[in-house]
Amino acid sequence: MRTQVGIVGAGPAGLLLSHLLHLDGIDSVLIESRSRQEIEATIRAGVLEHGTVELLKKTGVGSRMQREGFVHEGVYLRFGGRTHRIDFKALTGGRAIMVYAQHEVIKDLVAARLAAGGKILFEVKDAAVYDLDTPAPKVRFHHGGKVEELECDFIAGCDGFHGITRPSIPSRMRHEFTRVYPFGWFGILVEAPPSTDELIYAAHERGFALVSTRSPQIQRLYLQCDPDDEVKNWPEHRIWEELHARLESADGWKLAEGRIFQKSVIAMRSFVLEPMRYGRLFLAGDAAHIVPPTGAKGLNLAAADVRVLSQALVSFYKNQKEQLLKDYSATALRRVWRAEHFSWWMTSMLHRFHDETPFHHRLQLAELDYVVASRAKAQTLAENYVGLPLD
Ligand code: RFL
Ligand code: PHB
């Protein structure tokens with residue numbers, strides 16, 4: 001098998017890259033270790049930045065999102081029993097975010113690729129990448145009981161944090177920056193009506209909590225937990241007790257309860273690989289960087305990476321220019337580090353740290369107070385949350 005761009009991983013990064021390349025007449029083959037059913041059912045992100053929304057719309061894969069997603073023009077910060085609104089629209093010159101689940105984006109992209117005759121191989125096994133520092137890099141894997149080799153001009157490593165492409169780069173060429181947080185998130189999906197019109201980020205003595213949504217019938221809630229916690233430690237009454245305690249407010253707000261039908265523990269980590277390239281292997285999305293979910297940035301960064309990468313590949317194929325490919329890592333990393341800082345800042349401001357001193361805790365409260373009191377600080381949160389411009 002031969003293609004121009006071999007893409008490992010059919011998450012948001014790989015699927016969107018394949019879609020963008022197709023729109024410019026560049027051929028790709030996507031290989032994915034899981035089944036279509038599985039990737040279309042995995043519960044992850046929910047918040048799309050303004051620029052991600054515009055990109056999906058402009059490239060013809062936004063119509064269901066526009067019908068079924070929810071535009072939010074702000075978020076609430078809740079602490080000290082009081083609720084404060086950060087007004088994105090007013091603070092960013094009219095921008096907003098879209099609440100639309102990641103697996104719905106995946107469904108839309110898979111459908112678009114298949115309708116256009118795109119090649120996606122699901123349930124591949126033992127993928128490995130070779131000859132990365134030559135003009136003919138290759139991907140080998142098992143598919144349908146046979147060993148296959150895919151010869152490419154370029155390989156895109158879009159296989160997430162636990163994929164195989166990043167470790168294929170010689171360790172002496174990898175500079176990795178990591179921070180692991182001393183807590184995780186316990187996430188649930190609930191059959192209940194929305195309790196709020198916009199997301200609530202709550203900082204409480206007992207820990208962080210977040211109220212998000214998926215549809216008029218399904219809500220997404222998170223609470224800070226121990227990083228090694230397990231689902232079995234959280235019977236329903238404990239979940240509701242914690243959520244009620246952490247989300248309590250003086251204005252009579254009520255959390256709607258319902259049947260919990262999904263529970264999971266999510267690790268919190270910051271990670272960046274530099275550079276995001278080795279020879280003809282280019283990494284994008286979680287394969288190259290991770291942010292804690294507090295800033296809702298991971299999927300959006302994946303989209304921003306592949307937009308830069310697709311433009312660089314188009315320039316290579318259409319104008320025989322390599323400069324944008326040479327610049328890819330530095331261009332992508334500028335946005336990555338901005339999002340790393342924002343996600344670290346939101347995480348640090350809103351969670352309880354088990355080893356924090358009373359002094360540190362007072363600093364957190366002073367920071368929160370400043371965010372809601374100062375237009376400049378609120379604007380910093382708003383412009384990062386809705387996402388900095390893609391260009
Ligand atoms: P993905 O989504 O992990 O996709 C990688 C794909 O590669 C496949 N794969 C392989 N395929 C072939 N061979 C191999 N050896 C392979 N190894 C792996 C995998 O099966 C998979 O299909 O990476 P990608 O595309 O870079 O996308 C990144 C996003 O998924 C991630 O950043 C977000 O989910 C992060 N995130 C959020 N991001 C946002 O922008 N907004 C949010 O609101 C938001 N909320 C979240 C989140 C992540 C969360 N979790 C579960 C970590 C909320 C949560 C709870
Ligand atoms: C979600 O809806 O899953 C979600 C929302 C905001 C975040 C993280 C996750 O910061």
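Arg-307 is buried, with 10% relative accessibility; buried means under 20% relative accessible area, exposed over 50%, and partly exposed in between (1.4 Å probe, protein chains only). The model is predicted: local features need pLDDT of at least 70, side-chain atom pairs count only at pLDDT 80 or more, and totals for chains, interfaces and linings use all residues. Residues are numbered from 1 along each chain as its sequence is written, and side-chain values use heavy atoms, with hydrogens and water left out.

**View 1. Arg-307 pairs with Asp-391.** The two form a salt bridge (a side-chain nitrogen of Lys or Arg within 4 Å of a carboxyl oxygen of Asp or Glu). Their closest N and O atoms are 2.9 Å apart. Arg-307 sits in helix α8, Asp-391 in the segment after α11 (375–386), 84 residues apart. Helices (H or I, at least four residues) and strands (E, at least two) are DSSP runs, numbered from the N terminus. Asp-391 is exposed, at 80% relative accessibility.

**View 2. Lys-297 meets Glu-49 in a salt bridge.** The closest N and O atoms lie 2.9 Å apart. Lys-297 is in the loop between β20 (289–290) and α8 (298–319); Glu-49 is in the loop between β3 (47–48) and α3 (50–58). Lys-297 is buried, at 4%. Glu-49 is buried too, at 4%.

**View 3. Arg-206 bridges to Glu-241.** The N to O distance is 3.9 Å. Arg-206 is partly exposed, at 41%.

**View 4. Salt bridges link Arg-64, Glu-68, Glu-104, Lys-107 and Asp-108 in a network.** The total count is 29 salt bridges.

Notes:
Chains lettered and ligands numbered in written order.
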